[in-house]
Amino acid sequence: MSTIEQELIFEAIRNAVEATVLELGIDALRSLSMFPSSTISEIEIPIAA
Amino acid sequence: MEIVRLLTSDDSWDKFEKEWANQCEEVGDAFDSYGAGPVSVTRQLAQNGSQTEWAIALFDAKNNRSVACACAILATQKGYTGKVLRIREVIVCPLLDYGSLPETEYVDTLIGLLNGAVKLSESSLKAKHIKLHLRSPSDAIFFRAVGKSLDSQGVFAATESHGAWLSFTKQSSAPLRAV
């Protein structure tokens with residue numbers, strides 16, 4: 001993959017994340033499992049898939 | 001931001017652990033219990049030194065801070081042509097988790113993580129597919145929306161959701177169009 005192709009992917013990822021935050025709100029991001037304190041009570045999805 | 005490998009055989013894991021222990025102290029938490037499950041699994045990968053199973057951190061050089069850690073596992077998988085890079089057990093740093101950093105850093109961290117996975121799949125852990133483990137219902141809702149948006153931009157050959165995983169398949173030879 002060329003540097004230009006990588007840059008296009010990086011830009012697309014930024015666009016996608018920012019659009020999702022705009023659509024769902026910053027709290028939706030804050031409730032992801034990567035934030036340990038916000039997901040303690042959540043039921044985790046089984047890993048097998 | 002860049003992905004760095006964490007190992008106990010050099011001082012990278014120790015430095016990381018001390019940094020997050022200090023952050024925990026700053027926010028009034030204990031590192032021993034902070035993200036205990038994911039951190040424990042990540043520590044095991046830092047200890048085993050495998051060529052294909054890495055403990056990684058997302059390092060913010062500008063602020064001299066590790067903002068997230070995770071497991072990056074290179075594997076072959078039935079149904080996939082080419083290697084698969086799985087990103088699992090992602091945990092953000094205590095300062096982010098406790099809201100001690102600006103909200104913009106939440107967004108930057110997630111972008112840095114996804115971009116870092118792409119870079120890793122093009123360098124040390126070469127893979128055609130990148131899979132992100134969705135550990136909770138909130139993850140599934142959020143990342144499927146990210147995947148849908150990415151799909152509409154056409155930079156990946158495919159963006160699909162399978163059970164608790166979101167997968168990105170990179171283009172092989174077709175040129176990418178501008179977004």
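In β7 of chain B, B:T169 is the bridge partner of B:H129. This pair belongs to the antiparallel pairing of β5(B) with β7(B), in which β5 covers residues 129-133 and five bridges join the two strands. The model is predicted. Its chain B carries an open sheet of seven strands, and 40 residues of chain B are in contact with 37 residues of chain A.

**Strand β5 of chain B**

- Five of the five residues of β5(B) are buried, so the strand is largely enclosed by the rest of the structure.
- B:H129, B:K131 and B:H133 point one way from β5(B), while B:I130 and B:L132 point the other way.
- β5(B) also pairs with β4(B), in a parallel sense and through four bridges.
- Within that pairing, B:I130 of β5(B) is the bridge partner of B:L85.

**The sheet of chain B**

- The strand order is β1-β2-β3-β4-β5-β7-β6, and the pairing is mixed.
- β1 (2-6) and β6 (156-162) of chain B stand at the edges with a single partner strand each, so one side of each is left without a neighbour in the sheet.
- On average, neighbouring strands of this sheet are turned by 25 degrees against each other, direction ignored.
- Strands of a sheet pair through backbone hydrogen bonds, either parallel or antiparallel.

**Strand β3 of chain B and its partners**

- β3(B) is mostly covered, with eight of its eleven residues buried.
- On one side, eight bridges join β3(B) to β2(B), and these two strands run antiparallel.
- B:C69 in β3(B) is the bridge partner of B:A57.
- The hairpin of β2(B) and β3(B) has four residues between the strands, and B:N64 takes a positive phi near 50 degrees in this hairpin.
- β3(B) also pairs with β4(B), over seven bridges and again in the antiparallel sense.
- In that pairing, B:R88 of β4(B) is the bridge partner of B:C71.

**Helices lying across the sheet**

- Helix α1 of chain B, residues 12-27, lies across β1, β2 (53-60) and β3 (65-75) of chain B, and runs at about 110 degrees to β1(B).
- Helix α2 of chain B, residues 36-48, lies across β1, β2, β3 and β4 of chain B, and runs at about 110 degrees to β2(B).
- B:A36 has its place in helix α2 of chain B.
- B:A36 counts as partly exposed because it has 13 C-beta neighbours inside 10 Å, whereas a buried residue has 20 or more.
- The C-alpha atoms of B:A36 and B:I91 are separated by 9.8 Å, although the two residues are 55 residues apart along the chain.

**The nonpolar core**

- In soluble globular proteins, nonpolar side chains tend to be buried together.
- The largest nonpolar core holds 64 residues, of which B:A55, B:I56, B:A68, B:C69, B:A72 and B:L85 touch the most other members.
- Leaving aside neighbours within four places in sequence, B:A55 is in contact with B:L6, B:W13, B:T42, B:R43, B:L45, B:A46, B:C69 and B:C71.

**Chain A and the interface with chain B**

- Chain A contains two helices and zero strands, and 35% of its 49 residues count as buried.
- The contact between the chains involves 40 residues of chain B and 37 residues of chain A.
- The elements that give two or more residues to the side of chain B that touches chain A are β4 (84-92), α4 (104-121), α5 (137-153) and β7 (165-170) of chain B.
- With ten residues, α5(B) gives the most to this side.
- The residues of this side of chain B divide into 25 nonpolar, nine polar and six charged.

**Packing of α1(A) against α4(B)**

- Helix α1 of chain A, residues 3-24, packs with α4(B) at an angle of about 145 degrees, and the two axes are 10 Å apart.
- The crossing in which α1(A) passes α4(B) is right-handed.
- From α1(A), the contact is made by A:Q6, A:I9, A:F10, A:I13, A:R14, A:V17, A:E18 and A:V21.
- From α4(B), the contact is made by B:V107, B:L110, B:I111, B:L114, B:N115 and B:V118.
- The residues of this contact of α1(A) with α4(B) divide into ten nonpolar, two polar and two charged.

Methods
Residues numbered from 1 in each chain as written. Chains lettered and ligands numbered in written order. Predicted model: local features only at pLDDT ≥ 70, side-chain atom pairs only at ≥ 80, totals over all residues. Contact = placed C-beta atoms within 7 Å. Nonpolar A, V, L, I, M, F, W, Y, C, P; charged D, E, K, R; others polar. Pairing = 2+ DSSP bridges. Axes fitted to C-alpha atoms, helices over the stretch in contact; angles between N-to-C directions. Buried ≥ 20, exposed ≤ 12 C-beta atoms within 10 Å, placed from the backbone. Core = buried A, V, L, I, M, F, W, Y, C linked by C-beta atoms within 7 Å. Left-handed = near helix turned anticlockwise from the far one by under 90°.
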